[in-house]
Amino acid sequence: MSLIETARLTKKYNGNAAVDTVSLSIREGVCTALLGPNGAGKTTTLNMLTGLIKPTEGEIDFNKNYAGDRRKHIGYLPQYPKFYGWMTGEEYVSFSAELAGLSKKKAKESTNKMLSLVGLEEDRRKKVSGYSGGMKQRLGIAQALVHEPKLVILDEPVSALDPIGRREILELMKTLKQHTSILFSTHVLHDAEEVSDDIFIMKKGKIIIEGGLSELQQKYQQPAFFIETEKAMDNWLSSINEKSWVRQSKLDKKKLTLTVEEVDTARDALLKDPMLHKLKLLKFEVAKTSLEDLFMKVMR
Ligand SMILES: Nc1ncnc2c1ncn2[C@@H]1O[C@H](COP(=O)(O)OP(=O)(O)OP(=O)(O)O)[C@@H](O)[C@H]1O
């Protein structure tokens with residue numbers, strides 16, 4: 001069941017679309033990654049979902065089972081959160097809880113619960129200025145969860161962190177997704193592959209690829225050959241491109257990447273091809289393309 005849906009969501013700045021007719025559906029109970037290069041429109045999309053900015057056009061619908069203003073049901077950690085360094089972690093979270101409208105008593109209870117969930121129980125009385133990058137992000141996540149939202153939106157939660165902080169947050173997200181639905185943005189495919197169930201790939205304001213992680217991995221895992229020859233293979237390539245078992249070929253000087261329908265037929269045909277032998281083989285490798293190959297193509 002979808003938790004939040006958009007229809008032709010668009011945001012224009014000075015006539016240019018930062019987000020361009022985006023229709024997406026975020027499922028409840030899963031972790032969804034919004035993946036894309038810098039400037040793709042991820043933050044703008046998330047800011048419209050949270051209600052921080054108004055769309056130029058399009059609709060946003062939150063699951064009707066959860067009544068009232070959708071902002072009540074969303075927790076948000078911005079890309080560059082502002083912390084008050086002079087506050088303790090505990091003060092910061094309970095301050096956020098009261099801002100979210102919780103009573104003093106409820107705010108205290110929820111602060112305890114969330115600090116323990118994000119693993120900051122022991123450091124709760126330390127000043128935020130003394131926290132590491134990973135601890136600050138965990139505090140930011142506790143703040144986003146404090147009113148127990150149905151959906152927590154995290155904008156690039158690991159991008160600014162060192163490898164240790166990154167690991168802390170990815171592990172925390174794995175725990176969190178058992179309690180709440182998560183939507184997070186990232187420009188790193190590996191992060192999306194590690195924690196998400198669904199992926200939307202965004203480029204230039206549009207969603208260009210979407211699906212379940214395993215479905216996408218399977219779809220883009222195609223058998224491929226990497227062939228390198230001593231002489232240029234342009235002439236040979238035109239005859240290869242006519243074969244029914246060739247899906248796609250990409251020639252970079254004397255290096256050819258050939259994605260094919262099926263390995264055995266292609267390997268037999270290639271190795272028996274006298275023209276290939278005349279070009280003198282330097283390398284002949286059977287491999288598989290991956291989601292990463294596709295993503296790198298998108299990034300470029
Ligand atoms: N307030 C604004 N005024 C004008 N242009 C904007 C504004 N906010 C975003 N943009 C433009 O919209 C496009 C998308 O920006 P956005 O921040 O949503 O991308 P992003 O995918 O989150 O990238 P990043 O990872 O760099 O934050 C960019 O070209 C950006 O310059």
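This is a predicted model: local features need pLDDT of at least 70, side-chain atom pairs count only at pLDDT 80 or more; totals for chains, interfaces and linings use all residues.

Residues are numbered from 1 along each chain as its sequence is written.

Let's start with confidence. pLDDT is the predictor's confidence in each residue, from 0 to 100. The chain has a mean pLDDT of 91, and 100% of its residues reach 70 or more. Helix H1 comes out highest, at 97, while helix H11 (residues 291-299) is lowest, at a mean of 77. The model also scores ipTM 0.96 and pTM 0.83. As for the labels, helices (H or I, at least four residues) and strands (E, at least two) are DSSP runs, numbered from the N terminus.

Now for the ligand. A residue counts as near it if its C-beta atom, placed from the backbone, lies within 6 Å. The residues around the ligand include Tyr13, Asn38, Lys42, Thr43, Thr44 and His187. Helix H1 (residues 42-50) gives the largest share of this shell, 3 residues.

Next comes the interior. A residue is buried if 20 or more other C-beta atoms lie within 10 Å of its own, exposed if 12 or fewer, and partly exposed in between, with C-beta atoms placed from the backbone. A nonpolar core is a set of buried Ala, Val, Leu, Ile, Met, Phe, Trp, Tyr and Cys residues joined through C-beta atoms within 7 Å. The largest such core has 59 residues, and Leu35, Ala142 and Ile153 have the most contacts inside it. Helix H4 (residues 133-145) gives the most to this core, with 5 residues. Apart from it sits another core of 10 residues, among them Phe225, Ile227, Leu256 and Leu276.

Contact here means that the C-beta atoms of two residues, placed from the backbone, lie within 7 Å. Leaving aside neighbours within four places in sequence, Leu35 touches Thr186, Leu189, Ala192, Ile199, Phe200, Ile201 and Met202. The buried residues of helix H2 (residues 89-99) include Tyr92, Val93 and Ala97, and the buried residues of H2 pack against helix H3 (104-117) and H4.

On to the strands. Two strands pair if DSSP finds at least two bridges between them, and here are two such pairs.

| Strand pair | Sense | Bridges |
|---|---|---|
| E11 (residues 223-229) and E14 | antiparallel | 7 bridges |
| E9 (residues 198-203) and E10 (residues 206-212) | antiparallel | 6 bridges |

Ile227 stands opposite Phe284 in E14. Strand E14 (residues 281-288) has 8 residues and the number buried is 0, so it lies largely in the open. In the other pair, Ile199 has Gly211 in E10 as its bridge partner. The hairpin of E9 and E10 has 2 residues between the strands, and Lys204 takes a positive phi near 45 degrees there.

Finally, two residues to look up. Is Ile4 buried or exposed? Ile4, found in strand E1 (residues 2-13), counts as buried because it has 24 C-beta neighbours inside 10 Å. Leaving aside neighbours within four places in sequence, Ile4 is in contact with Ile26, Leu49, Ile60, Phe62 and Leu151. Thr50 lies in helix H1 and is partly exposed, with 19 other C-beta atoms within 10 Å. Thr50 and Arg70 are 20 residues apart in sequence, and 7.9 Å apart in space, C-alpha to C-alpha.
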